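Okay, thanks for coming, everyone.

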Amino acid sequence: TLPYQYALFTNFSSAALDRPNPEVPHDPAAFVAAAAAAAAAAPPAEAEAPVTGAGHSYDFEAMLDAELRRQAQSYLGGR
């Protein structure tokens, strides 16, 4: 089941675009029931682990801070 369907507006008429998508339930109660059933059947989500490499975990904020310091040093060294 698709989780959403886009609304499409055109400045011309089209018989193909006037047909509802059969893959998307048009009854809100059926849509909510299908989503609840899918959520109940899904395995429990696992906690995300940090990206690791060479035995170290990477902290995005620390990497960002290091890159900003590197760029500042490069900028100031170029003066």
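So, salt bridges: the structure holds 2 of them. By salt bridge I mean a side-chain nitrogen of Lys or Arg within 4 Å of a carboxyl oxygen of Asp or Glu. Side chains of opposite charge can pair when their charged atoms come close.

Before I go on, a word on where this comes from. This is a predicted model, where local features need pLDDT of at least 70 and side-chain atom pairs count only at pLDDT 80 or more, while totals for chains, interfaces and linings use all residues. Residues are numbered from 1 along each chain as its sequence is written, and side-chain values use heavy atoms, with hydrogens and water left out.

Back to the pairs. Asp65 meets Arg69 at 2.9 Å, N to O. Both sit in helix H3, and because they are 4 residues apart there, about one helical turn separates them. Helices, by the way, are DSSP runs of H or I with at least four residues, strands are runs of E with at least two, and both are numbered from the N terminus. Asp65 has a relative accessible area of 40%, so it counts as partly exposed, and Arg69 is partly exposed too, at 46%. For the cut-offs: buried is under 20% relative accessible area, exposed is over 50%, and partly exposed is in between, with a 1.4 Å probe and protein chains only.

The other pair is Glu67 with Arg70, at 2.5 Å, N to O. These two also lie in helix H3, 3 residues apart, again about one turn. Glu67 is partly exposed at 30%, and Arg70 is partly exposed at 46%.

What else is on helix H3, which covers residues 60-77? Leu68 is there, and at 49% relative accessibility it counts as partly exposed. Leu68 belongs to a nonpolar surface patch with Phe60, Met63 and Leu64, about 400 Å² of accessible area together. Patches here take residues with over 30% relative accessible area and no salt bridge, joining like charges within 9 Å and nonpolar side chains (Val, Leu, Ile, Met, Phe, Trp, Tyr) within 5 Å. Accessible areas come from Shrake-Rupley with a 1.4 Å probe, and for residues only the protein chains shown count as cover.

Zooming out, the chain has 3 helices and 2 strands, in the order α-α-β-β-α. Of its 79 residues, 3% are buried. The accessible surface is about 7300 Å², with 60% of that on carbon and sulfur atoms.
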